[in-house]
Amino acid sequence: MRRRMSAGCSCLLLIFAVMIMGIFGMFVWDESRGEEEMAKSTGEAVRQYYKADGAGEEFVAFVDRIFQEADWMDDPEEWKRQVTRELKSKGQVEPEGVSAKIPIQEGKVLLVELHTDLEERTFSVKTWKVLTEEEQREEKRMEVWDGSLFGLE
């Protein structure tokens with residue numbers, strides 16, 4: 001004796017299959033939407049980094065121009081004063097060199113540090129890296145007390 005499937009049973013199987021396919025379609029659509037948003041935010045982050053990188057290149061070109069323009073001076077002390085004065089207008093001058101922090105996006109900066117040798121009238125790139133807010137705070141942190149009385153030891 002053979003039994004035949006009724007029309008109601010095949011209709012239920014068809015409805016069940018369509019529902020399963022619809023659910024999987026929604027999962028795929030949601031995942032692709034998330035990937036699209038991630039791709040857009042990654043693209044924006046890359047665009048902002050390269051914009052900051054270009055500003056860093058402009059900073060290095062500025063320092064190079066200062067060194068080249070002041071090169072005509074024969075007096076080394078006057079040359080150092082001229083170069084230092086010009087560098088202070090664009091970045092932070094330190095004993096070892098000059099640096100600039102170029103904002104990339106919220107919470108991140110591009111740190112460009114140049115080592116300047118004013119005796120030899122040369123400079124070189126010391127640091128070129130992205131710093132997060134946490135890394136910036138670590139750079140600014142205060143010295144820890146070593147336990148000596150008033151730090152006199």
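This is a predicted model: local features need pLDDT of at least 70, side-chain atom pairs count only at pLDDT 80 or more; totals for chains, interfaces and linings use all residues.
**Other salt bridges.** How many salt bridges are there by this rule? I count three. In one of them E36 pairs with K40, the closest N and O atoms being 3.7 Å apart. These two are four residues apart in helix α1, so about one helical turn separates them. E36 is partly exposed at 45%, while K40 is exposed, with a relative accessible area of 58%. I also noted R47 with E44, where the closest N and O atoms are 2.5 Å apart. R47 and E44 are both in helix α1, again about one turn apart at three residues. R47 has a relative accessible area of 45% and is partly exposed; E44 is partly exposed too, at 33%.

**Helix α1 itself.** I then checked the length of α1, which covers residues 7-69. At 1.5 Å a residue, its 63 residues should span 93 Å, and the end C-alpha atoms are 92 Å apart, so the two values agree. Which residues of α1 are buried? My list is A52, D53, G56, F59, V60, F62, V63, I66 and F67. The buried residues of α1 pack against α2, β2, β3 and β4 (122-132).

I read 39% relative accessibility for I23, so it counts as partly exposed. Together with F16, I20, F24 and F27, I23 makes a nonpolar surface patch of about 520 Å².

**The core.** Next I went to the largest nonpolar core, which has 18 residues. F59, V63, V83, V112 and L114 have the most contacts inside it. Two or more residues each come from α1, α2 (76-88), β2 (97-105) and β3 (108-117). The largest share, seven residues, is from α1. For background, nonpolar side chains tend to be buried together in soluble globular proteins.

**Q105.** I found Q105 in strand β2. Q105 has 33% relative accessibility and so counts as partly exposed. Beyond its neighbours within four places in sequence, Q105 is in contact with A45 and Q48. I also took its distance to T132: 27 residues in sequence, and 9.8 Å in space from C-alpha to C-alpha.

**The whole chain.** Last, I stepped back to the overall fold. The protein has three helices and four strands, and along the sequence they follow the pattern α-α-β-β-β-β-α. Of its 153 residues, 22% are buried. The protein exposes about 12300 Å², with carbon and sulfur atoms supplying 57% of that. Among contacts between residues at least 6 apart in sequence, I note that 46% join residues at least 24 apart.

Methods. Residues are numbered from 1 along each chain as its sequence is written. Side-chain values use heavy atoms; hydrogens and water are left out. Patches are made of residues with over 30% relative accessible area and no salt bridge: like charges are joined within 9 Å, nonpolar side chains (Val, Leu, Ile, Met, Phe, Trp, Tyr) within 5 Å. Accessible areas come from the Shrake-Rupley method with a 1.4 Å probe; for residues, only the protein chains shown count as cover. A salt bridge is a side-chain nitrogen of Lys or Arg within 4 Å of a carboxyl oxygen of Asp or Glu. Buried means under 20% relative accessible area, exposed over 50%, partly exposed in between (1.4 Å probe, protein chains only). A nonpolar core is a set of buried Ala, Val, Leu, Ile, Met, Phe, Trp, Tyr and Cys residues joined through side-chain atoms within 4.5 Å. Contact means heavy atoms within 4.5 Å. The expected span of a helix is 1.5 Å times one less than its number of residues.
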